[in-house]
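Please look at the sequence and the structure shown below before reading on.

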Amino acid sequence: MMEKRVKRSDEPIWWALFSAGGVCFAVFVPAAILFIALLIPLGLLPAETLDFERSRGLLFSFPGLIFIGVVICLPLFHAMHRIRHGLHDLKLGRDKTNKVIAYGAAIVFSLLALLGFVLGIM
Amino acid sequence: MAKHVGYFPELKRNWWLKNRYFTLYMVREATVLPLVFFIACLLAGLYSLLQGQQSFQGWLQFMQNPITIVINLLALVASLFHAATFFTLFPRVMPLRVGGKAIPAKWIILGQWFGVLLVMVLFAWVFGRGV
Amino acid sequence: MTTKRLSIQRYLPEQSKTPFWQEFEVPFDDSTSILEALNHIKEDMDGSLSYRWSCRMAICGSCGVMVNGEPKLGCKSFLREYPGTISIEPLAHFPVQKDLIIDMEIFLEHLAAVQPYLINDSQDSNQTHKQTPAQLAKYLTFSDCINCGLCYSACPQFGLNPEFLGPAALTLAHRYNLDSRDQGKAQRMVQLNREEGVWTCTFVGYCSEVCPKSVDPAAAVNQGKVESAKDLLINLFKR
């Protein structure tokens, strides 16, 4: 009876990414939403704050790479982990399939963000 | 082994609506939905920057759309709610000790909120520089 | 004397395959517990009502029931706390054998799986194990479990998948892993590392809310996740 139960789970990898993403979602994302998605579009900051040249300069730099990591990639893994477990909580789909799709999406879109960054600095 | 001769009702998929605590848990889990929208906005913005001035203007217009603003406002509220839950869970998952004495959870929670504030100031400095 | 209405879920497998609700009007005062109300019903109103109980003082852990949908010890909840009709059901997420009596077999299996006892094969094991107050403090809060099973009824992940080892078993595993006298961590980690070990938990946290002994099983399970993650890392570098 014991033997069939002793398979080690690969969940620590996803949980570590989920936790790191959770910290980023809590610490970095609020400021990012406030400035990029609210204050600037609402015109509460001068228009030059986020003009084309300035935005390129900010994003395609070393701090920009860190920004992509802590506001896009890690929060993506956090979000996809919760969506996967949320689907299980709602008894939707098969967990094995949901897992591949959720983490697969997190990997693909993270790579897409990094590819965009590489194209930007070239 | 157990001989399950009795009555064993299956847990229905709406179990989280039957208890306030479970509903709040589901709200916590759902905070990632507006987050995904915001991340999609950022990815679109990144690629619009690669495509040129015009494309970027189009992205700015999309960000100014009232529906976009409302969802992103929801994302901000969600991120702060997530922060409130995450910060209280953290000292329970990783109780920190200094010199054999446990740091009170209250301090760890306050420290994390200080981090949020610090990042806000950092963003204000980065965006405000030379404008 | 004032009375209160109790609505109790009855299940009599010899009579019907489905449970039904039965109401009782019970006299009570400020000191009447749910368990005492059940005793009153059994003695004076309907002797066929079945439920478990023993100590009446929140130590034996046998009188757990759902009171208005929340897992509670019958002896530690009082009629005065509830306005209106009180609904009493058997503990959730377990098969019901009769009335308020659940089949705890799966819980006991999960407990046994994590070997919740000191494992120490050292030569001087016939000597008294010494432990400093600081070493004791590391696991003390997690050692108050009375195996009542309320945390399993509070855990939707156990409800969705009964193979999940669950809050109490994982907390006891963590309690012995933290004990300076114990050497059984490697054996227990095998169980914790499984998908149905610590990794089924999503930190709903309700287990810690309902625990009558304030053990905080949710904290123990999630500290177990940190341990399991470390265990994976160590395992990778060993090879």
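Against which helices do the buried residues of α3(B) pack? In this predicted model, they pack against α2 (29–39) and α3 (52–59) of chain A, together with α2 and α4 (66–93) of chain B.

**Helix α3 of chain B**

The buried residues of α3(B) include B:Phe56, B:Trp59, B:Leu60 and B:Met63. They lie on the same side of α3(B), because they cover an arc of only 100° around the axis. An α-helix has 3.6 residues a turn, so residues three or four places apart point the same way. On the face of α3(B) turned away from the buried side are the exposed residues B:Gln54 and B:Gln61. The length of the helix can also be checked: at 1.5 Å a residue, its 12 residues (53–64) should span 16 Å, and the end C-alpha atoms are 17 Å apart, which agrees.

**A serine in helix α2 of chain B**

B:Ser48 belongs to helix α2 (residues 32–51) of chain B. Its relative accessible area is 5%, and because buried means under 20%, B:Ser48 counts as buried. A polar atom of the B:Ser48 side chain lies 2.8 Å from the backbone oxygen of B:Gly45. Leaving aside residues up to four places away in sequence, B:Ser48 touches A:Phe52, B:Ser55, B:Phe56 and B:Trp59.

**Chain C**

The secondary structure of chain C comprises nine helices and seven strands. Further values for this chain are tabulated here.

| Property of chain C | Value |
|---|---|
| Box filled by the C-alpha atoms, along the principal axes | roughly 70 × 35 × 30 Å |
| Buried residues | 55% of the 239 residues |
| Accessible surface | about 10,700 Å² |
| Part of the accessible surface belonging to carbon and sulfur atoms | 50% |

Notes. Residues are numbered from 1 along each chain as its sequence is written. Chains are lettered from A and ligands numbered from 1 in the order in which they are written. This is a predicted model: local features need pLDDT of at least 70, side-chain atom pairs count only at pLDDT 80 or more; totals for chains, interfaces and linings use all residues. Side-chain values use heavy atoms; hydrogens and water are left out. Helices (H or I, at least four residues) and strands (E, at least two) are DSSP runs, numbered from the N terminus. Buried means under 20% relative accessible area, exposed over 50%, partly exposed in between (1.4 Å probe, protein chains only). A polar contact is a pair of N or O atoms within 3.5 Å; within protein, one must be able to donate a hydrogen and the other to accept it, and residues adjacent in sequence count only if both atoms are side-chain atoms. Contact means heavy atoms within 4.5 Å. The expected span of a helix is 1.5 Å times one less than its number of residues. The arc is that of the directions from the helix axis to the C-beta atoms. Accessible areas come from the Shrake-Rupley method with a 1.4 Å probe; for residues, only the protein chains shown count as cover.
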